[in-house]
Every structure is written in structure tokens, then in C-alpha cells.
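Visitor: I would like to go through this model and ask what its labels rest on. Where shall we begin?

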Amino acid sequence: MEEIIKKLETETEEASKKIIESFKKELSQIRTNRPTPLLVENILVDCYDNKMPIKQIAAISIIPPREIDIQPWDKNILSSIAKAIEASNLNISPAIDGNIIRINLPVLNAERRQELSAFVKKIAEETRIKLRSRRDESKKKINQNFTEGKISEDNKFRSQAKIQKIINQANENIENILEEKIKEINQ
């Protein structure tokens, strides 16, 4: 009886951690006023009859205050990387300088900051929806186990409360991450 409940709680906790990690990863690719390799490293480039992320075909470095330099290991794919960056939704223009692609990030204006903040909030809400869906799935399994007589009513309510506590903690984490990202955008 206890194994069923523990398993469900553990699954819910692991799923919520994965959802939060996915949220963090998605936010890391959203531009702020500070340059970061995460901004461009996963952009897919058509090269070698394949689509490959920039991080697998080039070295990415940051030149403060607002420059990202990309140095491909094969200079023949310079233009392919530049085209992929231009085609991305980052609204940045790469410049080829010898064997290096330079990206100068302009300062974010107030309108763009508001757009990014709204976009980040939208991603946070989508993440919360995923968490609620996971919670509902877990509660459904608990109720099914109760109906089948595998767990007692006390264990049912205890387990539902524990799962809600896990989801509440995950929502709190999302809120903290969101606040931090919005703070970064507005700096």
C-alpha cells in the first residue's frame, strides 16, 4: 500500500523537477542585456548534410559588454552559421570578420523589454499548466488506487496533500525563476 503512494509521490516530484529544468533551459535562451553563449549555442545550422547546433561546430565566446564571438572549427561553414543566426527569432545581425562571426547585441529598448517580459510570463504560465496537468494525473491515479481498494481513504487524502505540496513548491520555484529573469531583462 505504502509503496504505491511513495512511487506516485516520487514520480510527481521527478516530473516537476524535469518541468522546471525545461523551463530554466527555455528561459536561458531568451535575450537579456547581458550576452550569454546560451543565446546562440542551440541554433541549428545546415552543414555537412545535417542540422547541427552551433555549440557542436564552433567555439562561442563572450566579449563584454555586449558581444558574442563565434569561431567555427571549419571556416567553410561561416556563412551557414551566419544565415542560421539571421533566420532565428533573436532579431540579431551577425557580422563575418575573417574567421569569426561577431554579434553585437544592441541595448534593449523599453518596448522590447516589455515584449520579452510578457513572453517570459507566457512561458511561465505554460509551465504552470504542465505542472497542474501532472498533479491531476497523479490525483487520478490515487483515486483509481483508492477505488480498487489498494489504498485507504486516509492514505488517499494524505497522498493528495503531499502531491499538492510538491506542486506548490514547484510553482514557487517557477515564480522565483521568473522574477529573476524579468529582473535580468530590465537591467
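Guide: With the contact of α1 and α4 in this predicted model. On the α1 side, the residues include Ile 4, Leu 8, Glu 11, Phe 23 and Leu 27. On the α4 side, they include Val 120, Ile 123, Lys 130, Arg 134 and Asn 145.

Visitor: Which residues make the contact of α1 and α5?

Guide: From α1, among them are Glu 2, Ile 5, Glu 9, Glu 13, Ile 20 and Lys 24. From α5, among them are Asn 155, Ile 163, Ile 166, Ala 170, Ile 174 and Lys 181. By class, that contact has eleven nonpolar, six polar and six charged residues.

Visitor: What makes a residue of α1 buried?

Guide: Buried means under 20% relative accessible area. The buried residues of α1 include Ile 5, Leu 8, Ala 15, Ile 19, Phe 23 and Leu 27. Glu 9, Thr 12, Ser 16 and Ser 28 are also among them. The buried residues of α1 pack against α4 (110–147) and α5 (153–186).

Visitor: How does the span of α1 compare with the expected one?

Guide: α1 covers residues 2–28, which is 27 residues. From first C-alpha to last, α1 reaches 39 Å. That is close to the 39 Å expected at 1.5 Å a residue.

Visitor: Now the sheet. What is the strand order, and what is the pairing?

Guide: The sheet is open, with four strands in the order β3-β4-β6-β5 and antiparallel pairing.

Visitor: What makes β3 and β5 edge strands?

Guide: β3 (58–63) and β5 (94–97) each pair on one side only. Neighbouring strands of the sheet are turned by 25° against each other on average, direction ignored.

Visitor: How do you know that β4 and β6 pair?

Guide: Two strands pair if there are at least two bridges between them. β4 (residues 67–72) and β6 (residues 100–104) have four bridges, so they pair, in the antiparallel sense. Glu 67 has Asn 104 of β6 as its bridge partner.

Terms used: Residues are numbered from 1 along each chain as its sequence is written. This is a predicted model: local features need pLDDT of at least 70, side-chain atom pairs count only at pLDDT 80 or more; totals for chains, interfaces and linings use all residues. Side-chain values use heavy atoms; hydrogens and water are left out. Helices (H or I, at least four residues) and strands (E, at least two) are DSSP runs, numbered from the N terminus. Axes are lines fitted to C-alpha atoms, for helices over the stretch in contact, and angles run from 0 to 180 degrees between N-to-C directions. The expected span of a helix is 1.5 Å times one less than its number of residues. Buried means under 20% relative accessible area, exposed over 50%, partly exposed in between (1.4 Å probe, protein chains only). Contact means heavy atoms within 4.5 Å. Ala, Val, Leu, Ile, Met, Phe, Trp, Tyr, Cys and Pro count as nonpolar, Asp, Glu, Lys and Arg as charged, and the others, Gly among them, as polar.
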